[in-house]
Amino acid sequence: MDPVRNPYAPGAGQRPPELAGRGRELDVFDVVLERIARGRPERSLMLTGLRGVGKTVLLNTLRSEAINHLWGTGKIEARPDQSLRRPIAAALHMAVRELAPRHRAPDRIDAFLGVLKAFAQRSASTGRGGAAPKLRDRWQPGIDVPASSGRADSGDIEIDLVELLSDAAAVATDVGTGIAIFIDEMQDLGAEDVSALCAACHELSQLGAPLIVVGAGLPHLPAVLSAAKSYSERLFRYQRIDRLDRIAADQALCAPAEREEVEYEQKALDLLYEKSGGYPYFVQAYGKATWDHAPRSPITAADVRVAAPEAEAELAVGFFGSRFERATPAEREYMRAMAALSLVEGEESGRDDMDAAVPTAEIARALGRKPASLSPARDALIKKGLIYSGERGTVAFTVPHFGRYLRTQPA
């Protein structure tokens, strides 16, 4: 098979040639856009799921849909060591610039940009906890109008964000459209920023303002939001993004191949689903390796078996290994215990991916340690995005098949 014609794309956030199995999420978002266009109240959206299920790809696709509806959009990626102020100011600047050519009153745009500049300059003067900001936080927007005073510049992120987003929504109302801010890795926001964002979304929801936030994060994102504001459970529309079912996984493989006049034998598809588990990133990785090794069409199960070691080796280095290397020896010991216990938990619960959530008390027992002594390792792994706590007293891997990978590695 010609590798130049290989249609598969196993890249971080890279859109696959066939976005299979996400029709429901796209339909929901279209309804949200249409309802807001008609002045109906709607909630902001939160996409949650493990790594490798295509949250970033879906987030980018939803943004494209908003742009097609002539909305103003901006996108940011949250970081655990960065305040929300700078990135959200940049995102709103981009969104309003998209709307400005259609606004009848340039002075209204200038007035908002003055508020935005005040908000941005306030973020440049102080960092988290009143500390001096890091160099990367000293963002100066290219805004010619003078900064306004008395609006979104109090220094309290919750007050300022409510005022800033309300003013942005007013600009969108003038134009007869909406604004959507897309936030990836949303679980990495600081507690203060999460609280402020929830408060702002709550205010916008009550006003029926045409501005929504579309967030994407790991499975514990709802718990992060709930810890910030108790009403967040009712404030957002949550959508769990999971692995593809068999029909969608086959479509993700077959549709791009058919466009290249290539077919798969049924047994090859059976084996590819078994290997990938239906996780979109793995589907692309195994599909790419299989294409490169297959001598001709149709692609057979034998081709998959020959190619699988190469796909697994690439995943071991780029997808699993890079994450494992970020952990300290104590954290690796914790994860190895998790991996061993998750196999047992998975067998007992009937899970076929054998990466079930495990009780933290069981991990402590397996390591012969007191639970409190393992808290630093657990908390560090959560902060690094390697594990999450979906329910109190349990932890699970954020990366599918990570437990299986650890069980194959020498101690």
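This is a predicted model: local features need pLDDT of at least 70, side-chain atom pairs count only at pLDDT 80 or more; totals for chains, interfaces and linings use all residues.

Trainee: Great. What is the strand order in the open sheet of 5 strands?
Mentor: The order is E2-E3-E4-E1-E5, and the pairing is parallel. Strand E2 (72-77) and strand E5 (236-240) are at the edges; each has a single partner strand, so one side of each has no neighbour in the sheet.

Trainee: And how much are neighbouring strands turned against each other?
Mentor: On average by 15°, with direction ignored.

Trainee: Let's look at one pair. How many bridges are there between E1 and E5?
Mentor: Strand E1, residues 44-48, pairs with E5 over 5 bridges in the parallel sense. Within that pairing, leucine 45 is found opposite arginine 237 of E5.

Trainee: Which strands does helix H1 lie across?
Mentor: H1 (residues 23-37) lies across E1, E5, strand E3 (179-184) and strand E4 (211-217). Its direction is at about 165° to E5.

Trainee: What about H6, which strands does that one touch?
Mentor: Helix H6, residues 191-207, packs on the sheet and touches E1, E3, E4 and E5. The direction of H6 makes about 145° with that of E4.

Trainee: Changing topic: how many cavities of 30 Å³ or more are there?
Mentor: There are 3. The largest cavity has a volume of about 70 Å³.

Trainee: Which residues line the largest cavity?
Mentor: Among them are Glu42, Arg43, Cys201, Leu204, Leu211, Ile212 and Phe236. H6 contributes the most to this lining, with 3 residues.

Trainee: Which elements give two or more residues to the pocket lining?
Mentor: Three helices are listed there: H2 (55-68), H11 (280-293) and H12 (301-325). By class, the pocket lining comprises 15 nonpolar, 8 polar and 8 charged residues.

Trainee: Next, helices H14 and H15. At what angle do they pack?
Mentor: H14 (residues 360-367) and H15 (residues 371-383) pack at about 105°, and their axes are 10 Å apart. That angle makes H14 roughly perpendicular to H15.

Trainee: Which residues meet there?
Mentor: From H14, Thr360, Ile363, Ala364 and Leu367 meet Pro371, Leu374 and Arg378 of H15. That contact has 5 nonpolar residues, 1 polar and 1 charged.

Trainee: Last one: what is the order in the open sheet of 3 strands?
Mentor: The order is E6-E8-E7, with antiparallel pairing.

Trainee: How many bridges join E6 to E8?
Mentor: 2 bridges join E6 to strand E8 (residues 394-397), and the two run antiparallel. Valine 358 has valine 395 in E8 as its bridge partner.

How values were computed: Residues are numbered from 1 along each chain as its sequence is written. Side-chain values use heavy atoms; hydrogens and water are left out. Helices (H or I, at least four residues) and strands (E, at least two) are DSSP runs, numbered from the N terminus. Ala, Val, Leu, Ile, Met, Phe, Trp, Tyr, Cys and Pro count as nonpolar, Asp, Glu, Lys and Arg as charged, and the others, Gly among them, as polar. Two strands pair if DSSP finds at least two bridges between them. Axes are lines fitted to C-alpha atoms, for helices over the stretch in contact, and angles run from 0 to 180 degrees between N-to-C directions. Contact means heavy atoms within 4.5 Å. On a 1 Å grid over the protein atoms alone, a cavity is a set of points where a 1.4 Å probe fits but cannot get out, and a pocket is an open set with protein on both sides within 12 Å along at least five of seven lines; lining residues have an atom within 4 Å of a point. Grid points are joined across faces, edges and corners, and a volume is the space filled by probe spheres set on the points. Angles under 35 degrees count as roughly parallel, over 145 as roughly antiparallel, 65 to 115 as roughly perpendicular and the rest as oblique.
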